[in-house]
Amino acid sequence: MTLTASTDVTAAGTGQPAVHLDGVVKRFGTVTAVDGIDLRIRPGEVVALLGPNGAGKTTTVDMLLGLSQPTEGTVQVYGRSPQDAVALGLVSAVMQSGGLLKDYTVEETVRLTAVLFGKPRSAVTTALKRAGIADIADRLVGKCSGGQQQRLRFAMALLPDPELLILDEPTTGMDVGGRREFWDAIREDAQGGRTVIFATHYLEEADAYADRVVLVRRGRIVADGTASEVKSLAAGRTVRATLPGAELADLTGVPGVESAEVRGDSVYLHGRDTDAIARYLLNQTAARDLEITSRNLEDAFLTLTADEETPA
Amino acid sequence: MTATTIPVTERRLPAFGGFSLGMIALELRRLLRNKRTVVFSVIMPPAFFLLFGSSGDYQTERVGDGNVTAYVLISMAVYGAMLATTSGGAMVSIERAAGWSRQLRLTPLKPAAYVAIKLTLAMIIGAVSVLAVNVVGIFFGADMPVGTWIACAVLAWVCALVFAAFGLFMGYLLPSENVMQILGPGLAILSFAGGLFVPLDTLGHTFATVAKFTPVYGVGELARYPLTHDGDVWVAILNVVVWTALFALGAMWRFRRDTARV
């Protein structure tokens, strides 16, 4: 079920992955938020970290930014510890919410970031322009809309001129128009070759903006490939049949079956050649009451990320 | 890695962990934008002085090297410095609530530099507060030798460091956005208990003894000493040192927990 992107993880000629997660586990007390993630991201890739709420995306992002330490495993950003990478401005982030003071103006907020990163005033103007908020520079942050605040966070993230930009659920709470504008700004920026990782639970965002999609479920990577590779997971169809006493192990052995599920007396067999699966079921087993349905992207996502203990 | 970004070899960390005049200037501007801070630290203490210290009787009655008005003036300067530095330190509470502290962790600013900036800001508005009360005092009947006057003002300001540490401690302890609504009345009570509003000898022996252990007592006694040459200086110094240490340790303890909370 897991797709893997090509193993050559580094850009030609440069030896270092932008991000290297090695056996990363993060536990909070008895809760395991991230359960063994291995991930390499090449410089220049635009990667979507896709998964439902609570899949461990934000926890992973926090570790990439040095805001939290993995319980096990190592996290490296451009060959350094995340804290060092952050301090040098190699990595910056647009966080989901918070992180702004409402009694600063937009321009002051960006200027403060510039002061901290030792950047000149001209960098402030550039960042404001690139984030599309130069016209509201003198507005107090408290008076800005959610979309404007998000673009302010984007301007702050652009200031250190990072190699890697991390966006954590960047468009949550934005309307359709605001979302499109925000992504246009990001896409324009990424053309310069910046590495971008964005966590999202919007399929269409992953589909539209990522070169590579990493599907996360319950703290693990369940699929990893180009957007079209992951989409091809959705190309198959599902045969549902009533087959009391079916064993999962037998079903996955059926020719053409890519994945199988048993729910009570019903079995669900996923695969491309559903005719062959149906023929096999009717000829070789006691299955009856067959239905064949096609899966869409939404289904693939749900199948890949569904919680086994609470079937939808 | 790309032509558009700065090569890693040319990236530099800021000097002094990010403690810079540019940051202090921006923070000061924001602080002055907060009307409550301005009222608390610049308007209220001179107003209290006018209310409680500038009556005709007080201007003629003598205390030490000056008049009672000067005595009240020093007390109000201490009170102002206290309010100002506490609210300066307590800014961290608002910033933590807003997630700003977390945002700052995505910059090269070192936590120690952040604390140093907050303390500097607290002491700057503390100085403004002391200055405001003293300027009003010049025009409204306070009388003491110039040297005494300066010594008292400087002591009131320097000793307010206790409350900068107190504000910082409370800022890390209380996650409330309205932390000064708790600390304001708290400071008023401590000021009564420490003999800042009413001389302790008018309140009875037991109360006066207990008062010596409260944090405002030492600051008030020390700041007034150049005027009164009265009271137990060593007890006052001990009081200031012990409370500063306690509040600073408390702030450090919470600060460590805050930065390690991951």
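1. Let's start with helix 1 of chain A (residues 57-64), which lies across strand 1, strand 2 and strand 4 of chain A and runs at about 120 degrees to strand 1 of chain A. Keep in mind that this is a predicted model.

2. Those strands make up an open sheet of 3 strands in chain A, with the order 2-1-4 and antiparallel pairing. Strand 2 and strand 4 of chain A sit at the edges with a single partner strand each, so one side of each has no neighbour in the sheet. On average, and ignoring direction, neighbouring strands here are turned by 25 degrees against each other.

3. Now the pairings. Strand 1 of chain A (residues 19-28) pairs with strand 2 of chain A (residues 31-41) over 8 bridges, and L21(A) has L39(A) as its bridge partner in strand 2. The two strands form a hairpin with 2 residues between them, and G29(A) in the turn has a positive phi of about 60 degrees.

4. With strand 4 of chain A (residues 72-77), strand 1 of chain A pairs over 5 bridges. Here D22(A) stands opposite T74(A).

5. On to the cores. The largest nonpolar core has 112 residues, and V110(A), F154(A) and F198(A) have the most contacts inside it. Helix 4 of chain B (residues 68-89) supplies the largest share of this core, 13 residues. Another core, of 33 residues, lies apart from it and includes A18(A), L65(A), V77(A) and V91(A).

6. Worth a look is F154(A): leaving out residues up to four places away in sequence, F154(A) touches V94(A), R130(A), A131(A), L165(A), F182(A), A185(A), I186(A) and D189(A).

Conventions. Residues are numbered from 1 along each chain as its sequence is written. Chains are lettered from A and ligands numbered from 1 in the order in which they are written. This is a predicted model: local features need pLDDT of at least 70, side-chain atom pairs count only at pLDDT 80 or more; totals for chains, interfaces and linings use all residues. Side-chain values use heavy atoms; hydrogens and water are left out. A nonpolar core is a set of buried Ala, Val, Leu, Ile, Met, Phe, Trp, Tyr and Cys residues joined through side-chain atoms within 4.5 Å. Buried means under 20% relative accessible area, exposed over 50%, partly exposed in between (1.4 Å probe, protein chains only). Helices (H or I, at least four residues) and strands (E, at least two) are DSSP runs, numbered from the N terminus. Contact means heavy atoms within 4.5 Å. Two strands pair if DSSP finds at least two bridges between them. Axes are lines fitted to C-alpha atoms, for helices over the stretch in contact, and angles run from 0 to 180 degrees between N-to-C directions.
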